[in-house]
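Please look through the structure shown here with its confidence values in mind.

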Amino acid sequence: PMMPRGPAPPPQGPPPPPMQSQHQLPPPPSCAPAPPKQLKVEDALAYLDQVKLKFEYQPAIYNQFLDIMKEFKAQTIDTPGVIRRVLTLFQGHNHLILGFNTFLPPGYSIDIVEEADGSSRVRVLYPVNTPMLDGGPRGPDGMGSG
């Protein structure tokens with residue numbers, strides 16, 4: 001009688017690499033919008049270090065920034081308010097202004113727009129329908145166009 005041929009034995013070689021035990025890491029970034037990012041303590045501390053170094057000889061500015069952040073955390077001031085105060089405090093320090101995006105809730109962002117004449121201006125994007133408590137950007141459509 002003919003012997004039934006079973007599946008061929010696997011070729012002997014190095015075993016396949018074990019699956020990395022990554023505990024639910026998000027998939028690599030794609031073109032989809034990112035989920036709201038959780039503020040990492042390391043990011044916040046790194047930013048505070050940058051501010052501290054930048055204003056090494058102007059500790060009042062650093063302390064003022066800390067006060068703004070305390071009020072923001074205690075929700076004494078709202079997000080548009082904290083953005084306005086930080087922009088005023090860090091005027092001219094674009095990298096610190098951009099770095100502040102780390103602390104903003106989803107929907108808010110701060111951009112530096114290069115003008116044709118070589119100057120730059122700060123542009124703040126708010127989520128749609130943000131209530132402006134004290135006369136924020138007002139226009140027929142709320143944000144102005146383009």
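How many contacts beyond four places in sequence does the model have for residues 135–146? There are 6, contact meaning heavy atoms within 4.5 Å, and pLDDT, the predictor's confidence in each residue from 0 to 100, stays under 50 over that stretch. This is a predicted model, in which local features need pLDDT of at least 70 and side-chain atom pairs count only at pLDDT 80 or more, while totals for chains, interfaces and linings use all residues. Residues are numbered from 1 along each chain as its sequence is written, and side-chain values use heavy atoms, with hydrogens and water left out.

**Confidence**
- The protein has an average pLDDT of 76, and 62% of the residues score at least 70.
- Over residues 27–35 pLDDT also stays under 50, and there the model has 0 contacts beyond four places in sequence.
- Where pLDDT is low, the predicted coordinates should not be read in detail.

**Helices H1 and H2**
- Helix H1 (residues 41–54) packs against helix H2 (residues 59–73) at an angle of about 150°, their axes lying 8 Å apart, which makes H1 roughly antiparallel to H2 (angles over 145 degrees count as such).
- Tyr47, Leu48, Val51 and Lys52 of H1 meet Tyr62, Phe65 and Leu66 of H2.

**Leu98**
- Leu98 lies in helix H4 (residues 94–99) and counts as partly exposed because its relative accessibility is 37%, between the limits of 20% and 50% (1.4 Å probe, protein chains only).
- Beyond its neighbours within four places in sequence, Leu98 is in contact with Ile110, Asp111 and Ile112.
- Between Leu98 and Ile110, 12 residues apart in sequence, the C-alpha to C-alpha distance is 6.2 Å.

How values were computed:
Axes fitted to C-alpha atoms, helices over the stretch in contact; angles between N-to-C directions. Helix = DSSP H or I, 4+ residues; strand = E, 2+ residues; numbered from the N terminus. Parallel < 35°, antiparallel > 145°, perpendicular 65-115°, else oblique.
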